[in-house]
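This briefing is a guide for a first reading of the structure shown below. Please keep the sequence and the three-dimensional view side by side while working through the points.

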Amino acid sequence: MFPLNKPFSARHAPALPPQPRLCIAAIALLAVMVLGTALSLTASYHDTLRQEQNNLRNLATAFSAQTASAAYALDRLLDNAREDYLESTARAASGDSQRPAMRLPPLPRDVLGISLLDQDGHLLAGSPLPPDMPANTVPGPDDTLAITISGIDAASGRGILTLGRPLLDDSGKRIGAMVARIDSVYFVNLYAQVALGDGGSITLMHADGTMLARGPAAAGVVGRSFAGTPLFQSQLPVSAFGTFEAISPTHGVRRIYGYSKVRSYPLVMIAGMDKEDALAFWHERVAIAAGLLGLATLSLCVMAWRISRDAARRSALIERLGASEARLARSADYLGSILGAIASPVYVLNSQRRFVLVNDAYCRFAGKRREELLGRLEQETPDAHGAGEREQTYARVLAGGGDMVDETEVVDSAGQMRTFISTTSRLISDTGEAQIVCVRTDISERKMAEVRLAYLADFDLPTELPNQARFLRTLDAEIHAAGGGECVGVMALSLERLQEIIDLMGHAAGDTVLRQAAQLLRQAAPDASVARTMGNQFALSIRCDGERGSLAALAARLHGALSDAVAVGQRDFYLGPAIGIASFPDDGSAAGELLRRADVARHRAAGEGQDAVQFFSESSHLVLDERLAMESQLRQALQRGELRLAYQPKVDIPSGRITGFEALLRWTSPVLGEVPPTRFIPIAEASGAIVSIGAWVVAEACRHMRAWQDSLGRQVKVAVNLSPRQFQRDALIPMLRQCLAANSIAPGSLELEITESTVMASHEDIDVLLQDIRSLGVDIAIDDFGTGYSSLAYLKRLPAQCLKIDRAFIRDLGHDEESLAIVRTIVNLCQGLKMTVVAEGVETPRQLELLRELGCHAYQGFLFSRPLEAEAVLSLLRAQDAGDAPAGSSAPEANAING
Ligand code: C2E
Ligand code: CA
Ligand code: CA
């Protein structure tokens with residue numbers, strides 16, 4: 001009902017969660033770093049290698065130059081020795097014996113000896129060659145130089161290098177050979193000056209691939225031929241210096257080398273080192289780079305972790321914020337529903353008295369939609385009137401006057417004035433503004449009900465006339481106001497036949513009749529105070545001159561006005577008015593007493609054979625006293641055993657045999673004597689005593705039936721009269737069931753007589769009740785048929801087996817054609833409906849004859865028998881069973897009672 005903010009999360013949520021994006025970025029950055037480092041390391045690897053190889057090559061070149069110098073120095077030694085030799089030989093040839101023979105110059109260290117040999121290898125001069133010197137030590141006839149190695153020490157690799165040259169005479173003719181023998185250390189020492197690291201080596205090779213010397217010394221390789229290696233196979237033939245890479249022949253690891261041919265000698269210098277050593281610096285760089293990379297990765301990871309943690313916190317915060325907003329929205333919804341469910345109008349005004357909140361009930365009250373109200377000034381609503389007073393209330397409440405509760409009258413959207421209890425309170429909004437909250441409780445209904453109740457306390461609803469209480473108050477006032485010599489007349493008026501109309505047409509019709517009667521009374525007595533005192537009774541009071549005549553004239557006028565037929569629906573009814581009159585001061589001086597006395601007179605007027613207007617007199621007072629006395633006597637009659645049943649036979653017309661009896665109540669009062677049922681039964685009905693008396697009648701009838709049945713050995717059917725007051729399903733059905741069961745009465749032996757007017761009373765439950773009675777197996781007879789207003793068609797609906805034509809029609813049979821026609825119609829109808837017709841009150845043979853002709857089934861009446869005492873029933877039945885009961889003859893008069 002209230003506009004809701006969208007949850008925060010929905011407005012601010014990122015498109016992608018932050019963690020995956022961050023991860024991807026970090027990984028990409030790392031990859032770039034790793035790739036860059038790898039590329040740069042690769043480049044530096046190759047650079048390092050190239051540089052080291054160049055260094056080695058340069059070293060080899062430098063050493064080759066040194067070696068060439070050393071070899072040249074040896075050549076110089078040999079040349080000197082030749083020259084000395086040739087000189088000494090020339091001197092010898094010239095006979096200069098004064099000159100000393102040839103002497104060799106002192107030899108440098110590590111030069112083991114110099115030998116001059118003749119063509120046959122014999123020593124000409126110098127130191128003799130060791131005997132195991134190999135043959136190739138000396139150059140062949142075509143050779144100019146022979147370099148060999150021999151005498152190698154396997155452990156140290158130290159050997160003897162020989163440098164052989166042809167010995168030429170001065171003419172250049174070969175006369176022998178010269179050999180210089182040198183310890184290989186001579187060369188190795190040259191190289192030892194250079195530190196090449198642990199794996200570094202300088203090797204002197206013969207151009208034919210033979211290793212001549214190595215520094216540092218290494219076992220097993222000096223003297224070995226490496227002619228098959230790529231260096232000798234492919235590199236040296238092409239380039240005098242260069243680099244290469246190979247597995248070391250000495251310790252089998254990969255090494256890099258630089259080489260250089262020795263100028264003028266068949267020698268090659270090779271400088272080598274372990275590739276690992278060469279790359280040591282590079283490895284350091286790799287380690288540093290790896291370290292840096294690791295560090296970078298670590299810091300990147302830390303950074304990424306922190307960012308992602310922050311992001312996660314942020315999104316958790318957003319989620320919490322969103323959830324709390326959603327909660328807020330929900331509680332606003334909840335609050336909205338509660339406010340919506342409140343039936344009382346509720347509104348909130350801001351400091352400018354503009355609506356900031358209204359509930360559904362207020363919208364309904366104002367007849368406007370919420371959107372039309374919110375933001376509008378309160379004075380602009382339909383209930384503009386009273387705005388000034390409301391403003392005062394608001395101001396007082398805002399000024400700290402606490403809650404204010406007041407009753408206000410407000411015009412709603414339909415323009416109706418409504419009464420509200422308004423509770424006005426102060427409210428501080430979330431922005432700190434002081435607002436007004438007002439809850440209105442509509443008490444219009446209550447107000448109206450109060451007015452209505454006040455009205456009902458004094459007035460009668462259907463007629464809108466004052467009721468008895470108000471009438472008595474008014475009368476009291478009139479009596480007080482009446483001065484000396486003045487008189488107040490009081491009339492009690494009843495509509496004696498109203499009940500019939502209500503029974504037949506229902507209560508609504510009864511109310512219509514009452515209204516019409518009230519109207520007639522007001523018209524006929526415009527100066528009188530008219531009231532409806534109860535049920536079918538009215539009362540009037542009027543000032544009079546003290547003469548009976550004027551009151552009598554007024555009463556006659558009223559009686560006349562109410563005696564005409566009144567139309568209800570399509571039918572005319574008679575109200576049967578009865579009027580009793582009492583007057584102040586003759587008949588009493590109190591309002592209540594006067595009304596009571598007028599009522600006593602009215603009773604007498606309503607009684608049989610009386611005039612319909614009666615003045616109060618002491619004698620009519622006595623009639624009422626008698627009635628009250630009878631009522632109190634009747635209350636005790638049952639306990640005292642003053643009641644008994646008489647039985648009047650029902651006789652089958654064709655056969656003249658008794659088919660059953662009607663039970664009729666008899667009362668012999670010790671005070672009042674024999675009281676006829678027509679007098680005491682209405683009183684028993686009025687007082688409600690009929691219910692227990694009626695139950696006793698059924699029980700008593702059943703008891704007799706049982707006794708007769710036991711005596712005769714056959715069933716005897718008995719009909720019992722039922723008063724309308726006994727038509728209470730909850731009481732009647734169990735009572736009947738109990739009586740039947742207690743006396744084991746066969747179904748169909750008991751019959752209930754119900755008057756037509758009782759059946760016709762617009763009492764819906766009667767159908768159900770009649771069905772219930774039928775389902776007990778008890779028969780139903782419609783009594784006094786023809787006196788009520790029932791349509792004959794209605795009979796079809798009733799589950800009755802028997803119909804009793806009222807005595808009034810039978811009485812006139814033989815003198816009155818109309819009665820005959822009515823009886824004929826009833827008999828025909830019952831034949832069609834398969835109902836038994838019984839004629840009541842048959843007193844003459846002529847009546848019986850006519851009934852027989854009309855086809856009536858059975859009859860009851862003094863003609864056959866008056867109601868009999870229970871004992872007489874048995875003897876009558878016995879006589880009939882014995883076959884001596886004469887049809888149509890009277891039963892013994894001695895047994896008849898109250899005929
Ligand atoms: P009702 O049901 O119509 O009973 C028949 C009345 O007609 C009886 O009067 C009976 O004595 C009388 N009657 C019978 N044959 C003739 C005849 O040939 N001529 C004349 N003139 N009258 C005859 P009773 O016994 O005085 O009863 C009067 C009414 O009292 C009954 O009228 C019935 O409505 C009522 N009543 C009697 N006993 C009971 C009862 O136990 N319960 C109830 N609720 N009402 C009863
Ligand atoms: Ca009857
Ligand atoms: Ca009857």
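The structure is a predicted model. In the shell around ligand 1, eight residues are nonpolar, six are polar and seven are charged.

**The surroundings of ligand 1**

- Ligand 1 is surrounded by 21 residues, and the closest of them are Gln648, Arg666, Arg807, Glu843 and Phe862.
- Glu843 places an N or O atom of its side chain 2.5 Å from a nitrogen atom of ligand 1.
- The side chain of Asn721 has an N or O atom that lies 3.2 Å from an oxygen atom of ligand 1.
- In Phe862 a backbone N or O atom is involved, at 2.8 Å from an oxygen atom of the ligand.
- Ligand 1 taken alone exposes 790 Å², of which the protein buries 84%.
- Which elements give two or more residues to the shell around ligand 1? They are strand S24 (658–669), helix H17 (677–687) and strand S28 (779–785).
- Strand S24 gives the most to this shell, with four residues.

**The calcium ion written as ligand 2**

- The calcium ion (ligand 2) is coordinated by Glu662 (OE), Asn721 (OD1), Glu753 (OE) and Asp783 (OD), at 2.1 to 2.4 Å.
- Along the sequence, the donor residues of the calcium ion (ligand 2) follow the spacing E-x58-N-x31-E-x29-D.
- Glu662 belongs to strand S24 and Glu753 to strand S27 (residues 750–755), so this pair ties together parts that lie 91 residues apart in sequence.
- Glu662 has a relative accessible area of 5% and is therefore buried, since the limit for a buried residue is under 20%.
- Glu753 is also buried, with a relative accessible area of 1%.

**The calcium ion written as ligand 3**

- Which residue coordinates both calcium ions? Asp783 does so, and the two ions, ligand 3 and ligand 2, are 3.8 Å apart.
- Is Asp783 buried or exposed? Asp783 counts as buried, at 5% relative accessibility.
- Asp784, by contrast, is partly exposed, because its relative accessible area of 24% falls between the limits of 20% and 50%.

**Backbone features**

- Most residues other than glycine have a negative phi, and most peptide bonds are trans.
- The peptide bond from Gly215 to Pro216 is cis, with omega near -5°.
- Pro216 is located in the loop between strand S7 (211–215) and helix H4 (230–235).
- Phe584 and Pro585 are also joined by a cis peptide bond, with an omega of about 10°.
- The loop that holds Pro585 runs between strand S21 (577–584) and helix H15 (591–606).
- Glu464 is not a glycine, yet its phi is positive, at about 60°.
- This residue, Glu464, is found in the loop between helix H10 (444–458) and helix H11 (468–481).
- Glu464 is exposed, because its relative accessible area is 55% and the limit for an exposed residue is over 50%.
- Ser744 likewise has a positive phi, of about 50°, although it is not a glycine.
- Ser744 lies in the loop between helix H19 (729–742) and strand S27.

**Two buried residues in strands**

- Thr533 is part of strand S17 (residues 529–534).
- With a relative accessible area of 13%, Thr533 is buried.
- What does Thr533 touch, not counting residues up to four places away in sequence? Its contacts are Gln468, Phe538, Ala539 and Leu595.
- Phe615 is placed in strand S22 (residues 613–615).
- At 18% relative accessibility, Phe615 counts as buried, because the limit is under 20%.
- Between Phe615 and Thr474 there are 22 Å in space, C-alpha to C-alpha, and the two are 141 residues apart in sequence.

How values were computed
Residues numbered from 1 in each chain as written. Chains lettered and ligands numbered in written order. Predicted model: local features only at pLDDT ≥ 70, side-chain atom pairs only at ≥ 80, totals over all residues. Heavy atoms only, no water. Near = heavy atom within 4 Å. Polar contact = N/O pair within 3.5 Å; in protein donor to acceptor, adjacent residues only side chain to side chain. Areas by Shrake-Rupley, 256 points an atom, 1.4 Å probe, with all protein chains shown as cover. Nonpolar A, V, L, I, M, F, W, Y, C, P; charged D, E, K, R; others polar. Buried < 20%, exposed > 50% of the residue type's maximum accessible area, 1.4 Å probe, protein only. Contact = heavy atoms within 4.5 Å. Donors = N, O, S within 2.8 Å, 3.2 Å for Na, K, Ca; no water.
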